[in-house]
Amino acid sequence: MIDPILIFIALALTLAGFVKGALGLGLPTISVGLLAVAMPPGRALAIVIVPAAITNIWQTFAGPYLRDIARRLWPLMLGTAIGICLNAGALSHASTRWGNVALGVLLMLYALLGLTKFAFKVAPPHEKWVGGIVGLVTGLISAATGVQVVPSVPYMQAIGLEKDELVQALGVFFTVATVTLAFNLTSSGLLSTATALPGAVAMACAFVGMFAGQAARSRLPAEAFRRVFLIAMILLGLYLAGTAVVELLW
């Protein structure tokens with residue numbers, strides 16, 4: 001008999017892969033958010049981390065901007081790696097309920113920023129030091145929740161990366177973050193042979209979803225799809241944070 005959890009993992013990663021294929025980001029954010037409904041965030045991230053790293057590595061080399069990206073974003077990536085290491089063990093030692101509250105709030109913040117199209121600009125002379133601070137904050141948040149998009153993605157938009165360069169930059173940044181997280185999860189005992197089968201299912205379904213998302217990218221109204229996706233993230237964040245708060249109060 002097929003484990004219902006494996007079916008849930010397959011569906012969650014197919015959806016997350018589809019969004020990544022269509023938009024260039026969102027696989028760990030969506031998949032960890034969905035899986036956290038049925039398991040602790042630490043276990044969810046341990047299942048998702050390998051598919052996320054491999055799809056990000058593929059995205060890293062799918063473009064000609066790697067050298068320029070490394071030159072501009074190294075403080076962001078270094079700060080993120082340091083933040084993840086400083087907060088190592090947060091997923092394994094923090095309360096699951098508080099972790100779900102934090103994850104839900106971050107999902108809602110990410111979606112609300114996208115819906116309002118809030119944007120700020122960072123002047124070239126300030127890119128390095130601002131990027132280092134943004135990276136450190138992102139790393140601390142990522143180590144505790146698995147979410148890497150806040151505030152890193154708004155920062156990458158703020159320095160004026162163009163569309164194709166931004167997609168490749170997201171791949172480079174998420175590769176660094178997920179590989180660092182993988183070491184963090186391994187050292188804290190969350191990434192082990194127990195996650196091998198769920199991880200294999202997750203990887204296969206993530207690639208299926210990603211290729212479907214890439215195929216659909218040119219056919220779907222991009223703005224409408226983006227809005228539906230962001231509204232769904234708000235609802236998911238409300239559910240995760242709301243149910244965790246109710247459990248804490250009771």
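Because the model is predicted, local features need pLDDT of at least 70 and side-chain atom pairs count only at pLDDT 80 or more, while totals for chains, interfaces and linings use all residues. Residues are numbered from 1 along each chain as its sequence is written, and side-chain values use heavy atoms, with hydrogens and water left out.

Starting with the overall picture, the chain has 11 helices and zero strands. Here, helices (H or I, at least four residues) and strands (E, at least two) are DSSP runs, numbered from the N terminus. Reading from that end, the elements go α-α-α-α-α-α-α-α-α-α-α. Of the 250 residues in the chain, 50% are buried; buried means under 20% relative accessible area, exposed means over 50%, and partly exposed is in between (1.4 Å probe, protein chains only). As for contacts (heavy atoms within 4.5 Å), 84% of those with a separation of 6 or more link residues 24 or more positions apart.

Next come two helix pairs that share α3. Helix α1 (residues 4-23) packs against helix α3 (residues 41-60) at an angle of about 25°, and their axes are 12 Å apart. Axes are lines fitted to C-alpha atoms, for helices over the stretch in contact, and angles run from 0 to 180 degrees between N-to-C directions. The two helices are therefore roughly parallel, given that angles under 35 degrees count as roughly parallel, over 145 as roughly antiparallel, 65 to 115 as roughly perpendicular and the rest as oblique. On the α1 side, Ile9, Leu13 and Lys20 meet Ile47, Val48, Thr55, Asn56 and Gln59 in α3. Sorted by type, the residues of this contact are four nonpolar, three polar and one charged. For that sorting, Ala, Val, Leu, Ile, Met, Phe, Trp, Tyr, Cys and Pro count as nonpolar, Asp, Glu, Lys and Arg as charged, and the others, Gly among them, as polar.

Helix α2 (residues 27-35) also meets α3: their axes come within 10 Å and cross at roughly 160°. That makes α2 and α3 roughly antiparallel to each other, and their crossing is right-handed. Leu27, Pro28, Ser31, Val32 and Leu35 of α2 make the contact with Ala44, Leu45, Ile47, Val48, Ala52 and Thr55 of α3. The tally for this contact is nine nonpolar, two polar and no charged.

Now for some single residues. Asparagine 56, which lies in helix α3, is buried, with a relative accessible area of 2%. Leaving aside neighbours within four places in sequence, asparagine 56 touches Lys20, Gly171, Phe174, Thr175 and Thr178. Serine 152 sits in helix α8 (residues 152-158) and is buried too, at 0% relative accessible area. With neighbours within four places again set aside, serine 152 is in contact with Leu76, Val134, Thr138 and Phe173. Over in helix α11 (residues 222-249) is alanine 241, buried at 9%. Alanine 241 and glycine 104 are 137 residues apart in sequence, yet 4.7 Å apart in space, C-alpha to C-alpha.

Finally, the cysteines: cysteine 85 is exposed, with a relative accessible area of 52%, whereas cysteine 205 is buried, at 16%. The structure holds zero disulfides, a disulfide being a pair of cysteine sulfur atoms within 2.5 Å.

Methods
Left-handed = near helix turned anticlockwise from the far one by under 90°.
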